[in-house]
Amino acid sequence: MTAPGLRDGAPAEDSDDLDVEEALALVREAKDDGTGPARDPRPAEPHRHAPAERHRATPWPQAREIAARAARATRATRPATTSSAPRRTPLSVPLGDALGLVLAAPLDALSDLPSFDTSAMDGWAVAGPGPWTVREEGVLAGHAQPAPLTDGEAVRIATGARVPADTTAVLRTEHGRTDAQGRLHATRDMVHGQDIRPRGQECRSGDQLLPVGTQITPAVLGLAAAAGYDTVTVVPRPRAEVLVLGDELLTEGLPREGLIRDALGPMLPPWLRALGAEVVAVRRIRDDAKALHKAITASTADLIVTTGGTAAGPHDHVHPTLERIGAELLVDGVKVRPGHPMLLARTRDDQHLVGLPGNPLAAVSGLITLAEPLLRTLAARPAPEPYTLPLTEPVHGHPYDTRLVPVVLRGDRAVPLHYNGPAMLRGIAAADALAVVPPGGARQGAETELLDLPWTTAGIGVCFT
């Protein structure tokens with residue numbers, strides 16, 4: 001007898017890819033194919049269990065593209081389909097709150113940089129040829145404009161201090177000596193203007209330092225501060241709300257009496273923050289359609305993320321609730337393993353919902369596939385540059401669907417990890433990236449696209465607090 005979820009003749013490796021939730025999703029799709037009440041007027045693709053019966057799930061690359069475009073489009077049912085969704089209003093935020101955000105206005109110089117001639121080194125400001133008579137009182141950074149120098153005169157100066165008028169050059173401390181009469185001599189040749197940062201060397205007032213769309217890094221914060229900014233105008237961080245669904249979930253202690261620990265409640269909020277979102281709430285919702293309806297319709301977040309309930313079981317209320325509120329279903333199932341029964345819906349012109357499968361690694365797949373591109377668009381962040389590395393060993397593929405497989409990076413190669421079934425987190429917990437394995441699999445040494453996990457790229461968006 002074939003194990004549940006296994007096709008006749010399917011390799012054992014596929015067993016990890018076919019869980020109960022995905023099987024229930026296929027039941028719902030079979031109904032869409034004509035064996036039950038129709039949910040969508042579009043013709044369904046054939047069912048997945050045989051080549052002649054493929055379901056209508058969206059190919060993985062296309063699903064990511066749809067998610068990236070979703071925040072820029074209006075409902076398909078509206079007449080003005082070519083217009084864009086309401087623009088998110090830029091915010092002015094203090095520099096201390098701007099890390100990881102994107103500039104919504106150019107960063108223009110508010111003054112010359114530097115704003116006065118400054119010394120680039122500790123040493124002496126000198127005028128004319130030496131030797132020089134040294135003034136008793138030196139010049140320190142932060143002091144007022146010192147008195148001008150006359151030819152044959154020098155004064156001790158600190159790095160960053162204002163250079164006296166008529167200074168010829170700055171003689172570094174290690175390049176000068178004083179004789180018995182206290183006169184200063186250069187121990188090597190100097191050139192006019194040496195070690196002086198002239199006013200406006202870096203920029204002039206009004207110059208554009210950085211354009212709209214620049215992601216704010218620590219260096220950008222330093223430049224903005226140097227240029228005189230206290231606040232910057234940014235694209236606001238997308239606001240996300242997490243709805244953890246299920247009666248079977250425990251929030252503490254060991255699994256018991258048919259109950260399991262909730263892994264997604266602790267995992268999703270920091271992961272969403274790492275993707276650039278502000279998580280405004282994490283709510284636990286029982287398997288109750290009315291409670292789910294109330295939570296979705298009351299949410300003011302830009303993105304609602306649900307966990308579980310995306311299949312067709314008796315307690316899977318996500319699809320019926322979306323139908324009830326008139327949401328536009330943009331993606332309903334993706335040809336990817338794990339995570340097939342994920343979905344993306346537009347609940348309002350300015351709000352989307354990503355429905356993640358309940359299994360932990362399948363939920364990670366949904367985050368990477370649908371939530372990451374959507375949040376990236378909302379935050380106006382650039383897409384990461386794609387890259388590939390060869391695999392150290394072959395990876396079995398799904399016959400029709402993309403597979404996302406945890407890997408660790410070792411030099412210029414990717415090492416596939418085991419424990420990569422839909423319900424497993426052991427592999428992803430040790431991973432640096434996910435390998436995008438095409439249908440049919442990848443041989444040893446095959447160049448394979450990789451998706452970095454947020455904490456391995458040392459990205460400025462990573463925040464686990």
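Guide: Let's start with strand E23, residues 351-356, in this predicted model. E23 is mostly covered, with six of its six residues buried. Now look at where the side chains go. In a regular strand they alternate between the two faces of the sheet. Here, Gln351, Leu353 and Gly355 point one way, while His352, Val354 and Leu356 point the other way. Whichever way they point, all of these residues are buried.

What does E23 pair with? On one hand there is strand E19, residues 303-307, which pairs with E23 in the parallel sense over five bridges. To find one of the bridges on your screen, pick threonine 307: its bridge partner in E23 is leucine 356. On the other hand there is strand E22, residues 343-348, which pairs with E23 in the antiparallel sense, also over five bridges. Here you can look for arginine 348, whose bridge partner in E23 is glutamine 351. E22 and E23 are joined by a hairpin, and the link is made of two residues.

In the loop between strand E21 (334-337) and E22 you'll find proline 338. The peptide bond leading from arginine 337 to proline 338 is cis, with omega near -5°. That's worth a second look, since most peptide bonds are trans. There is also a cis bond from glycine 130 to proline 131, with omega near 0°. Proline 131 sits in a loop as well, between strand E6 (123-126) and strand E7 (132-134).

In sequence, alanine 371 and valine 354 are 17 residues apart, and in space their C-alpha atoms are 6.5 Å apart. Alanine 371 counts as buried because its relative accessibility is 0%, and buried means under 20%.

H7 as a whole is mostly covered: 20 of its 20 residues are buried. The helix has a kink of about 40° at alanine 371, shortly before proline 373. After H7 comes alanine 380, with a positive phi near 60°. Alanine 380 lies in the loop between H7 and strand E24 (387-390). With a relative accessible area of 36%, alanine 380 is partly exposed. Most residues other than glycine have a negative phi, so keep an eye out for another exception. Aspartate 195 has a positive phi near 55°, in the loop between strand E11 (183-186) and strand E12 (196-197).

Take leucine 272 next. Leaving aside neighbours within four places in sequence, leucine 272 is in contact with Ala240, Val242, Ala277, Val279, Val305, Leu367 and Leu375.

Then there's tryptophan 271, which counts as buried at 4% relative accessibility. How many aromatic pairs are there? The count comes to one. The rings of tryptophan 271 and tryptophan 455 have centres 4.8 Å apart and planes at 75°, so this pair is edge-to-face. It links distant parts of the chain: tryptophan 271 is in helix H4 (residues 264-274), tryptophan 455 is in the segment after strand E28 (447-452), and they are 184 residues apart. Tryptophan 455 is partly exposed, with a relative accessible area of 33%.

The charged end of arginine 162 sits over the ring of phenylalanine 116, 4.8 Å from the ring centre.

Terms used: Residues are numbered from 1 along each chain as its sequence is written. This is a predicted model: local features need pLDDT of at least 70, side-chain atom pairs count only at pLDDT 80 or more; totals for chains, interfaces and linings use all residues. Side-chain values use heavy atoms; hydrogens and water are left out. Buried means under 20% relative accessible area, exposed over 50%, partly exposed in between (1.4 Å probe, protein chains only). Helices (H or I, at least four residues) and strands (E, at least two) are DSSP runs, numbered from the N terminus. Two strands pair if DSSP finds at least two bridges between them. Contact means heavy atoms within 4.5 Å. The bend at a residue is the angle between axes fitted to the seven residues ending there and the seven starting there. Rings of Phe, Tyr and Trp (its six-membered ring) pair if their centres lie within 6.5 Å; planes under 30 degrees apart count as stacked, over 60 as edge-to-face and the rest as tilted. A charge sits over a ring if NZ of Lys or CZ of Arg is within 6 Å of the ring centre and within 35 degrees of the ring normal.
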